Amino acid sequence: MFVELTLGYGTQKRANLTGAVATISADDINNRPVANAANALQGADPSVNLTFNSGSMDAGYKIDIRGAASINGGSPLVLCDGMEVSLGQINPNDIESISVLKDASAAAIYGAKASSGVILITTKSGKDSDGKVNVSYNGRFGWRKNTTSTDFIHTGYDHVTIVNKFYRIAQGKDMWGYTGEDLDMLEARRYDNTENPDRPWTIERDGKLYFYANYDWYDYFYRDTRPEQEHNVSITGGNAKTNYYVSGRFLQQDGIFKIYNDKYTNYSFRMKLNAELFPFLRYSGGANFNYTNYKYAGYWNEQQTIHALQSNINSAVMPLSPDGQTIQYVNTMTGANSPLGAGHAGYLTDNQSRNSRGNKDFVLTNQFDIDIYKDLVITASYAYRYRNRGIERRGVPFNYLDKSGSVKKFTSGTVEDFYQEIKSDINRHSVNVFGTYNHVWNRMHNFKAVAGMQYEHQRNTELSVKKTDLLSDDLSSMSVANGVATVTEEISAYKTLGYFARLNYDYDGKYLLEVSGRYDGSSRFAPGCRWGFFPSASAGWRMSQEKFWDCMQGWWNNSKLRVSYGSLGNQQVSNYAYFDKIYTDKILTDYTFDGEQRATYATVSSPLSSNLTWEKVITYNLGLDFGFLNNRLTATADIFVRDTKDMLTHSVTLPSVFGATTPKQNCADLRTRGWELYLRWNDNLRLFGHRLNYSISATFGDYKSKITKFNNPDKLISDYYEGMTLGEIWGYKVDGLFASDEEAAEYQSRINDKAVNQRVYNAKTAGDNKLRAGDVKFIDLDGNGKIDEGSGVVGNSGDKRIIGNSIPRYNYSFRLDLNYVGFDVSAFFQGVGKCDWMPVQNSYDFWGPYDFPSLSFIHKDFLSMCWSEDNPDGYFPRQRGYQTYDGGSLSVATDRYLQNAAYLRLKNLTVGYTLPIKKNRWINSVRVYFTGENLAYWSPLKKHTKTVDPEMATSSGTYKSNSGTGYGFSKSFSLGVDVKF
């Protein structure tokens with residue numbers, strides 16, 4: 001109970017803590033096969049909602065604490081050793097501990113950026129080792145695989161017939177123009193997994209190529225198994241006055257692309273030094289350098305490449321002609337004149353384009369602590385962060401063999417001859433000066449005061465240069481480009497200044513009180529609106545320290561009640577939110593002054609409100625901490641209410657003659673209610689004469705956010721409205737699928753469902769341009785004979801109702817740790833108890849050819865879930881293409897196809913063994929281990945799709961947001977060794 005926690009501008013004993021703070025130890029983070037601290041933090045505490053944009057190795061992430069603090073977004077302040085950083089730049093093996101400040105009373109002292117909570121990362125430091133140098137090495141080699149099934153159809157006959165059936169109903173013709181004789185040839189090759197000389201996959205007729213293959217295009221583009229390696233070295237040492245910690249890391253991971261292997265590389269270096277310069281003066285400083293680089297081929301947006309490869313590729317077709325020419329258009333695609341994979345199949349096959357994006361992060365921290373006298377310490381710190389992001393893109397058009405057998409050059413909107421460099425820099429300076437006063441009176445009255453100021457300045461620059469028409473395909477340089485040059489530059493900056501104070505008092509460790517306040521100013525708001533004062537207070541009562549508790553100390557040894565109130569200001573808006581802007585880069589396309597040079601003109605931004613100011617975040621928290629059986633069983637429970645006042649959003653609706661968008665004002669409120677629970681059992685027992693140490697822990701949490709004020713008096717359901725629960729999904733109710741053509745005809749005679757089924761009536765195949773057996777049967781809830789959303793307002797939404805919610809609910813995790821005679825086992829499970837996902841257009845891996853008929857990758861089990869005369873219990877409706885497009889029955893949200901994306905994931909499993917070797921002058925210990933990450937998941941979503949990971953389904957970082965189609969998540973398996981010298 002006397003664990004010291006890192007909090008705002010100091011430390012505090014957990015026993016005396018009154019705010020809502022979660023801690024995550026090094027044991028929970030170190031040695032996991034993850035790229036950065038963001039991966040390690042996911043699921044570690046139920047208040048932290050962390051999702052990744054995709055499975056790409058340098059993917060970004062979204063994070064919030066206890067839900068979003070504002071409809072305008074905002075993310076927690078992440079500080080590593082006092083400097084604001086990204087979780088993506090922190091080596092998890094350097095972390096000593098993480099503190100998550102969840103309520104406003106705990107985070108208030110950080111001010112301007114802390115409205116969404118604070119994550120404090122403390123890295124490892126050196127220790128007094130009597131001058132001895134300690135060296136440790138941890139290395140692992142492993143491999144990664146997809147978390148989802150990739151068992152797609154690659155039989156040409158099946159692929160052609162499925163695509164044609166879905167396409168024919170919608171368009172009245174086949175997409176793939178194989179004759180009956182052609183189909184017989186395809187079927188004859190059904191079981192030829194490789195090309196048989198007696199049954200060739202490519203046949204030339206009249207100078208044209210025709211294909212009859214069983215080609216596995218997924219295996220052609222993507223790798224099933226990807227190697228990875230990681231190596232960490234740390235050196236520590238010191239004496240009573242000086243200690244140091246130095247570490248280095250190398251991480252390399254191969255990606256999913258196969259023709260040109262995309263690769264992620266990370267180098268990091270960290271150094272920390274603590275020294276007593278004089279008895280009254282101490283210095284602590286550090287330096288951290290982190291380098292990442294991701295190299296890949298194809299279009300510069302790899303998410304768009306993956307999206308494009310889903311279209312117009314068929315297993316019957318080959319990527320290359322017999323003489324090695326790239327195939328881009330094929331004679332047997334008669335339904336459309338479209339390139340394979342929207343042009344990206346040939347782009348990857350040609351393998352000349354190259355892209356890279358990298359980051360260089362450098363952080364320098366310095367701190368001096370000066371003892372003025374026994375109880376007063378003055379601390380002065382300066383931290384500097386520099387980040388350079390470099391992006392290089394090289395596009396090279398390629399030659400391909402056209403339908404007639406001629407070689408041509410392919411270009412398109414995404415395939416062009418260009419070279420581009422984008423360079424961006426972030427320079428951040430942070431200065432803190434504060435004093436800390438500690439005093440104890442009569443051994444009973446403990447008093448602590450902290451007061452000081454914080455100043456921060458950040459400047460961002462970005463320069464992009466792009467030129468076309470390079471003289472050589474082998475060179476990537478502006479100096480060999482003769483085409484049009486496009487140059488853009490952005491520069492922005494902001495400053496914040498804050499004054500803060502905090503007072504702590506406790507009486508004999510029983511009655512605890514904390515009061516703090518922060519007066520903040522931000523350059524993001526106009527003079528007169530940029531300053532705000534934000535107070536907070538918290539109190540605690542350690543009931544277990546009272547005399548009346550003595551009778552229960554034998555089994556209930558710790559009990560504490562915590563209450564807190566706090567307010568914070570949210571200034572997470574653009575750097576120039578209150579400035580009117582003039583844009584001078586506009587060009588008139590049809591007017592010149594001299595007959596040659598097109599005229600330029602300027603535009604003015606939409607009007608802005610003159611009094612934009614801070615959003616205010618107010619949190620109320622009630623918490624309980626319990627310890628039983630000598631703290632073998634511990635529990636922490638919190639309930640909270642968070643009110644966000646004066647959120648920035650559009651103000652009153654103005655008439656169209658105003659001629660511009662409505663200015664934003666501070667005129668919306670949000671309330672979030674939630675709870676969290678943490679349980680842990682830690683014990684040991686004798687087993688066969690040896691000590692077995694074990695612990696079991698579990699976390700649970702939930703929250704719900706509602707709009708309590710918003711300027712939408714009519715309550716349009718297409719916008720926020722008062723009383724709305726964030727994440728609401730409005731949709732239609734469905735009464736299954738029509739059992740017969742007669743039932744469908746009777747329904748059509750009395751119900752107008754063209755708003756949701758127009759594509760059925762537009763079908764170009766005779767007999768299919770009407771409702772039939774297997775089509776979706778919408779329920780006319782309001783009984784007006786028409787399926788629609790009425791006026792689109794609450795109370796008059798026609799047949800639309802709230803059918804689900806997209807916000808993840810009931811976050812939970814379980815952890816098991818065992819240690820026995822040198823063996824150690826750790827298992828970590830993480831999950832979400834409720835999350836609804838409505839698949840959208842371009843959710844190819846879910847909808848299959850219902851979305852885009854000529855789909856490249858169709859799972860082998862997909863047809864078994866589709867309705868047909870032989871499968872009347874099928875989940876998906878009658879087989880029609882383009883049903884997710886406007887006017888299609890699958891283009892609107894329905895309760896039938898709303899998916900439960902809840903999941904339980906085996907996040908990590910580690911099994912290790914420490915070799916029974918005697919310590920010597922060279923080696924202290926050797927441990928070998930197996931570790932796996934994201935090894936398995938269980939989800940109701942698997943019932944209807946094995947190709948969509950539940951976390952990918954709700955990701956906004958894919959090419960099409962919330963489509964579930966993108967750079968997939970990976971599971972990893974590694975073998976490693978941990979040696980201490």
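Me: Contact means heavy atoms within 4.5 Å. Taking contacts between residues at least 6 apart in sequence, how many join residues at least 24 apart?

Reply: In this chain, 71% of them do. Keep in mind that this is a predicted model.

Me: What does the radius of gyration say about the chain?

Reply: A compact globule of 981 residues would have a radius of gyration near 30 Å, and the chain has 31 Å, so the two agree. Along its principal axes the C-alpha trace spans about 100 × 75 × 70 Å.

Me: How many helices and strands are there, and how much of the chain is buried?

Reply: The chain has 11 helices and 43 strands. Of its 981 residues, 54% count as buried.

Me: Which residues touch the most other members in the largest nonpolar core?

Reply: Trp176, Trp217, Phe221 and Phe876 do, in a core of 95 residues. Helix 3 is the element that gives the most to this core, with 7 residues.

Me: What does Phe221 touch, leaving out residues up to four places away in sequence?

Reply: Its contacts are Ile256, Phe257, Lys258, Ile259, Leu309, Ile313, Ala345, Leu348 and Phe857. There is also a second, separate core of 28 residues, and Ile24, Leu41, Ile63 and Ile98 are among its members.

Me: Back to helix 3. Why does its span agree with its number of residues?

Reply: Helix 3 covers residues 156-171, which is 16 residues, and at 1.5 Å a residue that should span 22 Å. The end C-alpha atoms are 21 Å apart, so the span agrees.

Me: Which residues of helix 3 are buried, and what covers them?

Reply: The buried ones are Gly156, Tyr157, His159, Val160, Ile162, Val163, Asn164, Phe166, Tyr167, Ile169 and Ala170. The cover over the buried residues of helix 3 includes helix 4 (180-188).

Me: What follows helix 3?

Reply: Gly172 follows, with a positive phi near 80 degrees.

Me: Changing topic: how many aromatic pairs are there?

Reply: A search of the whole structure finds 67. One of them is Tyr9 with Phe434: the ring centres are 5.0 Å apart and the planes are at 70 degrees, so this pair is edge-to-face.

Me: Where do Tyr9 and Phe434 lie?

Reply: Tyr9 is in the loop between strand 1 (4-7) and strand 2 (10-13), while Phe434 is in strand 21 (residues 418-441), so the pair ties together parts 425 residues apart in sequence.

Me: Is Tyr9 buried or exposed? And Phe434, buried or exposed?

Reply: Tyr9 is buried, with a relative accessible area of 10%. Phe434 is buried too, at 9%.

Me: Which rings link into a cluster?

Reply: Ring pairs join Phe152, Tyr215, Trp217, Tyr218, Tyr220, Phe221, Tyr222, Phe257, Phe857 and Tyr967.

Me: What sits over the ring of Phe828, and what lies over the face of Tyr494?

Reply: The charged end of Arg815 sits over Phe828, 4.3 Å from the ring centre. Arg524 lies over Tyr494, at 4.3 Å from its ring centre.

Me: One more, Asp103. Where is it found?

Reply: Asp103 is in the loop between strand 8 (95-101) and helix 2 (104-107). Asp103 has 2% relative accessibility, so it counts as buried.

Me: What does Asp103 touch, not counting residues up to four places away in sequence?

Reply: Gly19, Ala20, Arg66, Ser564, Thr619 and Asn621. Asp103 and Val21 are 82 residues apart in sequence, and their C-alpha atoms are 7.7 Å apart.

Methods:
Residues numbered from 1 in each chain as written. Predicted model: local features only at pLDDT ≥ 70, side-chain atom pairs only at ≥ 80, totals over all residues. Heavy atoms only, no water. Phe/Tyr/Trp six-rings, centres within 6.5 Å; stacked < 30°, edge-to-face > 60°. Helix = DSSP H or I, 4+ residues; strand = E, 2+ residues; numbered from the N terminus. Buried < 20%, exposed > 50% of the residue type's maximum accessible area, 1.4 Å probe, protein only. Lys NZ or Arg CZ within 6 Å of the ring centre and 35° of its normal. Expected span 1.5 Å × (residues − 1). Core = buried A, V, L, I, M, F, W, Y, C linked by side-chain atoms within 4.5 Å. Rg over C-alpha atoms; globule rule 2.2 N^0.38 Å.
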